[in-house]
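User: Hi, could you walk me through this one? I'd like to hear about the pockets and the core.
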Amino acid sequence: MQEQPRMFGVGVIGAGWLGDVHARAWARLRHHYTDLGVAPRFVAVADSVAAARSAAQAKHGFDTAYADWRDLIADPEVEVVSVTAPNAFHREIGVAVARAGKHLWIEKPVGLTPDDARAVAGAVTEAGVHATVGFNYRAVPAVAHLRELVALGEIGTPTHARVNLFTDYAAHPLGALTWRYTLESGGHGVLGDLASHAVDLVRFVLGDLDRLVAETAVFLPQRPILDPDAATYGHGLGAPDAPTGAVENEDFVAALARTVDGTLVTLECSRVAVGEQNNYGIEVHGTRGLVAWDFRIPGELKLSTGSDYANQPAQRLLVGPGAGDYARFQPGAGLAMSYDDTKVIELAGLVRSIQTGQAEGPQLPDAVASAEALDAMVRSSEGQGWVSTRGAAPTSG
């Protein structure tokens with residue numbers, strides 16, 4: 001007789017798009033990771049917006065829907081908590097989850113500041129629970145293979161790299177002034193939203209950053225204010241004749257950085273890039289080649305390697321089984337994987353951590369390192385020049 005799967009009591013805080021993504025990942029976990037022997041029990045969802053939590057409860061079959069996230073954490077049936085609430089709540093909720101003795105799956109950037117990320121990391125360590133962070137682009141099998149190619153020296157010694165995340169979700173001038181555009185609720189805008197991923201990709205492939213210099217900009221300084229009774233989530237548009245308010249955080253960031261191993265990195269992110277939709281990627285050049293990945297064609301790499309140097313061609317490499325967790329999802333190269341698949345991989349790492357006691361996947365120290373780099377970008381853009389990514393005083397050159 002087949003052994004029954006071990007049921008995990010799941011709670012999701014935040015019933016927006018990412019809360020839905022997390023719930024879907026839990027539902028799919030047993031399809032792709034049968035060897036883990038687990039299945040979700042959807043215990044509770046929490047959201048302050050009644051319509052959102054009701055919709056999530058109906059869609060995923062949560063036993064209970066709470067208006068207050070504290071009630072979800074207090075629910076004794078909840079063992080693992082997904083935190084997909086707005087950034088400003090990450091610290092309070094993440095710390096509370098850990099102190100309640102529950103495992104944590106939290107979205108990046110884990111708060112608004114390095115201190116926020118450190119507080120959650122400290123609470124997790126002190127409580128002895130397991131956690132993972134939503135840096136899901138490192139879970140893409142092609143990215144895992146890119147990292148391996150770099151480590152094996154297939155492109156020689158890395159010399160310089162480029163990471164870009166361009167998209168248009170905030171490009172419309174009538175995009176409403178939601179929590180995303182205030183320092184108090186959304187932090188430093190595109191830095192926490194997109195540059196946090198960019199920093200993590202660099203660290204995953206090339207190692208820690210040492211120092212950087214950066215410039216930021218706000219290209220749409222005013223946005224329409226929503227009616228007080230309107231929901232303040234998503235990327236909806238305001239009325240053309242609505243009063244406007246000031247955007248307090250950044251639309252764009254560009255940085256030049258150097259890793260601890262000496263690789264130069266250019267990093268550029270924009271949330272208002274008209275004509276760009278999720279144009280995310282990383283390109284690494286070395287002394288005898290290059291390797292690059294584009295999120296929009298997630299199962300491919302661009303690879304140039306050899307000894308020709310000048311006029312050396314680049315080939316299209318289709319990544320397949322053997323790269324990361326690709327074989328868990330598709331049997332052969334050329335079958336595309338999706339954003340949602342990366343979240344299933346991310347979740348599997350957390351579950352294995354809980355089962356084995358060994359940390360797997362992106363951890364809270366990764367969120368701290370990312371937050372420190374973002375803070376360095378802010379300080380540099382305020383006129384401090386080259387800045388250490390570890391909170392030290394400005395450095396020269």
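User: By class, what does the lining of the second largest pocket have?
Analyst: The lining of the second largest pocket has 7 nonpolar, 5 polar and 6 charged residues. Here Ala, Val, Leu, Ile, Met, Phe, Trp, Tyr, Cys and Pro count as nonpolar, Asp, Glu, Lys and Arg as charged, and the others, Gly among them, as polar. Please keep in mind that this is a predicted model, where local features need pLDDT of at least 70 and side-chain atom pairs count only at pLDDT 80 or more, while totals for chains, interfaces and linings use all residues. Residues are numbered from 1 along each chain as its sequence is written, and side-chain values use heavy atoms, with hydrogens and water left out.
User: Which residues lie nearest the centre of the second largest pocket?
Analyst: Those are Arg 138, Ala 139, Phe 204, Ile 345 and Gly 361. A pocket is an open set of points on a 1 Å grid over the protein atoms alone, where a 1.4 Å probe fits, with protein on both sides within 12 Å along at least five of seven lines; lining residues have an atom within 4 Å of a point.
User: Which helix gives the most to that lining?
Analyst: α9 does, with 4 residues. Helices are DSSP runs (H or I, at least four residues), numbered from the N terminus.
User: And what volume does the largest pocket have?
Analyst: About 1200 Å³, where a volume is the space filled by probe spheres set on the points, joined across faces, edges and corners. Its lining counts 46 residues, with Leu 18, Thr 84, Ala 85, Trp 179 and Arg 180 nearest the centre. Helix α8 gives the most to this lining, with 3 residues.
User: Switching to the core, which helix gives the most there?
Analyst: The largest nonpolar core has 49 residues, and Cys 269 and Met 377 are among those that touch the most other members. Helix α8 (residues 190-206) gives the most to this core, with 11 residues. Such a core is a set of buried Ala, Val, Leu, Ile, Met, Phe, Trp, Tyr and Cys residues joined through side-chain atoms within 4.5 Å; buried means under 20% relative accessible area with a 1.4 Å probe, protein chains only.
User: Why is helix α10 described as largely enclosed?
Analyst: Because 15 of the 21 residues of α10 (residues 364-384) are buried, the rest of the structure largely encloses this helix. Gly 385 follows α10, with a positive phi near 70°.

Technical notes
Buried < 20%, exposed > 50% of the residue type's maximum accessible area, 1.4 Å probe, protein only. Helix = DSSP H or I, 4+ residues; strand = E, 2+ residues; numbered from the N terminus.
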